Structure formats: C-alpha cells, structure tokens
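Subject: Structure handover

Hello,

Here is the structure I said I would pass on. Please look through it first; my notes on what was found follow below.

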Amino acid sequence: MVQTEKKVKLAVNGGISFGAKLNAKQLMVIADYMNDEDELELTTFQQLYIDVVENEVEIVKERFKEVGLSCYPVGNFVKSVRTCNFCKGAEEEGMPVAIELNNRIAGIPVPFTLRTAYTGCPVGCGEPLVNDIGVMKVRDGYDLYIGGKAKGRDATTGALLMAQLSPEQLYEKIETLIRTYAEKGKKREPFYTFIHRYGIEELKNEIYK
Ligand code: SF4
C-alpha cells in the first residue's frame, strides 16, 4: 500500500507593502515545494494557501522567509491584516503602523477566523468597514471600526468604536478586543455574533479599563 505523506495548509503572502504582490523569485520558491498536479488556492484575503508536507513545515517557512514571504496558520486565527496599496506613500498612509499591527495580532488563536483590514485614507481601498476589525487612517489619527460583515444577506458595515487614536492606543485597543473575544467568545462564534451577544457598550468598557 502506498503511504501518502501527511500535509498541512499554510497561508502565504508577500507581507505588507505597496499592494498584495509576489515577485518572480518568491513564485519560484513556492513552486519548488509543489508537484505538477498540486494547486495553490487564491483567497479573498490577500493570502495563498499551499499544502506542505507536515514534517517539512519549519524548513519551508524558513525558506519562504528568506525570500520575503510571510507564513500564517490557517483556521481559527486572526488573519494577516488586509491593506490598501498605500498609493500616497508609506509614511503618509501609515504603512509602518499596519506592519506593526500585523506583527502583533496575525496568528492569534480565536474562536472563529477573524478578519482585520487597514486602509491609509478615507477612500477605504482596504475595505475596513466590511471586516471584523477595521482601521482607517484619517489625517494624523487612526479610526477603529468593529463588526463589519461582508458575507451573507445580513452583510453590514462596521461601527466606529474609537476615533483619532495614536498608533500605541490603536495596538492596545485592538489587542484588548482580540483578547476579550478569545477569552469570552464561544467556540466557532464569529466576531460579528460575539459583538452582538456581548454588547458594544460592554466591549467599550473592556477597552477603556
Ligand atoms: S485607501 Fe487611500 S492611500 Fe490607500 S490605496 Fe486607497 S486611495 Fe491610496
């Protein structure tokens, strides 16, 4: 009987930069770990899903990192932060803040997949209002939205939770929101459902503590 090697799914992207792009070298390195019949899945979330042999995962992650690819777990975790293209410039539109936010929260285990999005100006190309947690840079501050829902007949935009935060305030508030959801959310309870069960005012109390 032919033994097939166990595979695990990895989410991969080119990290936060001027748009969701991959260069030729990155594509070639990804292809090195694929057989002719293997497929890459393109998600709606600026990530590619690739199946890799379980006992090679750490080697693959290291090789991907060498060419600037970022790897994330797949499943009930905070997804990597979806961003806009920073068309007006990295500093002006807060790319370092988006990168730091991503470093802090992507991959945290939560009751159900949690989507976050960042956009560098009110045009909103990163679609922050239709994600679980959305950030919009407005002038020199960061506005924080929660409870957006892009899917389903009850799709809706998120509510503004706090406006004109500093970067440190933004990280702290989002980390508190995620920690509260991780601790008090029910198993497989989407963030949108959790917010409405837990209550927006109670959540505000948590993040003002
Ligand atoms: S949200 Fe603003 S900064 Fe970002 S890509 Fe769109 S227009 Fe450019």
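In which strand is the place of Gln164? Gln164 sits in strand S9. Its phi is near 55°, a positive value in a residue other than glycine. Gln164 is partly exposed, with a relative accessible area of 35%; buried means under 20% relative accessible area, exposed over 50%, and partly exposed in between, with a 1.4 Å probe and protein chains only.

Some ground rules. This is a predicted model, in which local features need pLDDT of at least 70 and side-chain atom pairs count only at pLDDT 80 or more, while totals for chains, interfaces and linings use all residues. Residues are numbered from 1 along each chain as its sequence is written, and side-chain values use heavy atoms, with hydrogens and water left out. Helices (H or I, at least four residues) and strands (E, at least two) are DSSP runs, numbered from the N terminus. Two strands pair if DSSP finds at least two bridges between them.

The sheet with S9

Five strands form an open sheet in the order S5-S6-S7-S8-S9, with mixed pairing. Strand S5 (82-83) and strand S9 (159-165) are at the edges with a single partner strand each, so one side of each has no neighbour in the sheet. Strand S7 (residues 133-138) and strand S8 (residues 141-146) are antiparallel and pair over six bridges; Val135 has Leu144 in S8 as its bridge partner. Helix H6 (residues 200-208) lies across S8 and S9, at about 25° to S9. That angle is between N-to-C directions, on a scale from 0 to 180 degrees, with axes fitted to C-alpha atoms, for helices over the stretch in contact. Contact means heavy atoms within 4.5 Å.

The other sheet

Strand S1 (residues 7-13) pairs with S3 over six bridges, and four bridges join S1 to S4. Leu48 in S3 is the bridge partner of Leu42 and also of Val12. In the loop between S2 and S3 lies Gln46, whose phi is near 60°, again positive in a residue other than glycine.

The cores

A nonpolar core is a set of buried Ala, Val, Leu, Ile, Met, Phe, Trp, Tyr and Cys residues joined through side-chain atoms within 4.5 Å. The largest one has 33 residues, and Ile133 and Ile174 touch the most other members. Helix H4 (167-184) is among the elements that give two or more residues to this core; its six residues are the largest share. Another core, of twelve residues, lies apart from it and includes Leu10 and Val57.

The ligand

Which residues surround the ligand? They are Cys84, Asn85, Phe86, Cys87, Glu93, Thr119, Gly120, Cys121, Val123, Gly124 and Cys125, each with a heavy atom within 4 Å of it. This shell divides into six nonpolar, four polar and one charged. Here Ala, Val, Leu, Ile, Met, Phe, Trp, Tyr, Cys and Pro count as nonpolar, Asp, Glu, Lys and Arg as charged, and the others, Gly among them, as polar. Cys87 is in the loop between S5 and H3 and counts as exposed, at 70% relative accessibility.

Regards
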